[in-house]
Amino acid sequence: MQNFLTYSPVLLSLIAFSSVAFESVDKALSASGVNHVIIENQRGNVNIKGGDYSSVTVSGKLDEKADGFTFEKQGSTIVIKVEMPNHYGNSWGDNDGSDLQIELPEKLKVSFNGVSSDVEIGNIVSGAEIKTVSGNIDAHNLSEHVELNSISGDINTNKLKGKLFLSTVSGEIKDRESSGRLSMQAVSGDIDSDSEVTEVSIETVSGEIELSLGLVEDIEISTVSGEAEVSLTLAKNGMMKMSSVSGDLDAVFNGDLSANFKLKTNAGGDIKNNITNDKPERGKYVRNAKLSFDTGGGNGSVRATTVSGTIKVSKR
C-alpha cells in the first residue's frame, strides 16, 4: 500500500497526459546515431526544417481529436506520429488538425505520410519522401532522392537537386530552379517547370504542360489530350520524344541545334516546321502527315507523334 501511495501521483500524471495533454507539444531527442526521421500526421499543417542541429525537436499544437502522440527513437530512426482514433473515419468536424514545427539535422532522410495534411519542407540534403492525399506540398532546397506525392493537392518546389519524382492526380505541379533528373506525373492537373534539369520525363492525361528548360540531354513527354509547350536547348547528342493522342505538341529550341527530326501525325493531325524549309508529306487516302529532316549535322534525335493533334517545332 505504501508503494502504491508513493507512486500513484506518477501514475495519475501519466494517465492525465495520455488523455488530455495532447493539445500542445514541445519536445526534443538527440539525433546521435540517427539517419532517418519518419513523420505521420493525418490532417493539419506540418513545417519540416533542416539545419545545423544536433537534435530533432517537435513543437506546436496537436490535433484536438488525437488520442496519442509518439516521439521516440527506434534504432537509427526517430518516429513522430500523431495518433488518431480509428472510429472517427472521415468525420473529423471543423477542427483544423495539428499545427507542428519540426526541426532536424539537414543530413537526415525524411519520410512523411498524411491524409489532409499540408506539408512545408526545406533544407534536407539526404533525401525526402512526402506523401499526402488532399494536402498541398511546398518543398525547397531538397537534395538526393526526392519523392513528392499528393492525390488532389498542389505541389510547389524550388531548388530541388538530384533524382526527383513529383506526382499528383488532380493537383497542379509548379517547379522552379531544380537540377538533376526530373520525373513529373499528373492526370488532370497542370505541370509547369522552369528549371535546369538535364533529364526530364513528363506524363499527363488531360493536364497542360509548360516547360522552360536549359541544356537537356534526354526528355520524354507523353500526354493524351493535354497540350505541351516546351522551350529548351538540346544537347549535341541529346534525345527528345513527344507523343499525344489529341493534344498539341509545341517545341522551341534555343541556341545551336544539331538533330535528326522525325515527326508523324495520324487521322487529321498537322505538322508545322519553323526550323527548315522541309514540308511534311501527306497521305493520299489517309489524313496523316510525316516529316523527316536534319539540321546542324543531325547528331541529336527528336521524335514526335500524335493522332489528331498538331506538332510544331521552332528555333530561336
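1. In this note, buried means under 20% relative accessible area, exposed means over 50%, and partly exposed covers what falls in between, with a 1.4 Å probe and protein chains only. The model is predicted, so local features need pLDDT of at least 70 and side-chain atom pairs count only at pLDDT 80 or more, whereas totals for chains, interfaces and linings use all residues. Residues are numbered from 1 along each chain as its sequence is written, and side-chain values use heavy atoms, with hydrogens and water left out.

2. Asn123 is partly exposed, with a relative accessible area of 28%, and has its place in strand S9 (residues 116-124), strands being DSSP runs of E with at least two residues, numbered from the N terminus. Although Asn123 is not a glycine, its phi is positive, at about 65°. Glu177, also not a glycine, has a positive phi of about 60°, and sits in the loop between strand S14 (173-176) and strand S15 (179-185). As background, most residues other than glycine have a negative phi.

3. On salt bridges (a side-chain nitrogen of Lys or Arg within 4 Å of a carboxyl oxygen of Asp or Glu), the count comes to six. One of them joins the side chains of Glu40 and Lys81, at 3.9 Å from N to O; this pair links distant parts of the chain, with Glu40 in strand S2 (residues 36-40) and Lys81 in strand S6 (residues 77-83), 41 residues apart. Glu40 is partly exposed at 34% relative accessible area, and Lys81 is partly exposed at 32%.

4. Another salt bridge is formed by Asp192 and Arg176, whose closest N and O atoms are 3.1 Å apart. Because Asp192 lies in strand S16 (residues 191-195) and Arg176 in strand S14, the pair ties together parts that are 16 residues apart in sequence. Asp192 counts as partly exposed at 23% relative accessibility, and Arg176 likewise at 24%.

5. The search of the whole structure finds three aromatic pairs, that is, rings of Phe, Tyr and Trp (its six-membered ring) with centres within 6.5 Å, where planes under 30 degrees apart count as stacked, over 60 as edge-to-face and the rest as tilted. The ring centres of Phe253 and Phe261 are 5.5 Å apart and their planes stand at 85°, so this pair is edge-to-face. Both Phe253 and Phe261 are buried, and ring pairs link these two residues and Phe293 into a cluster.

Terms used: Helices (H or I, at least four residues) and strands (E, at least two) are DSSP runs, numbered from the N terminus.
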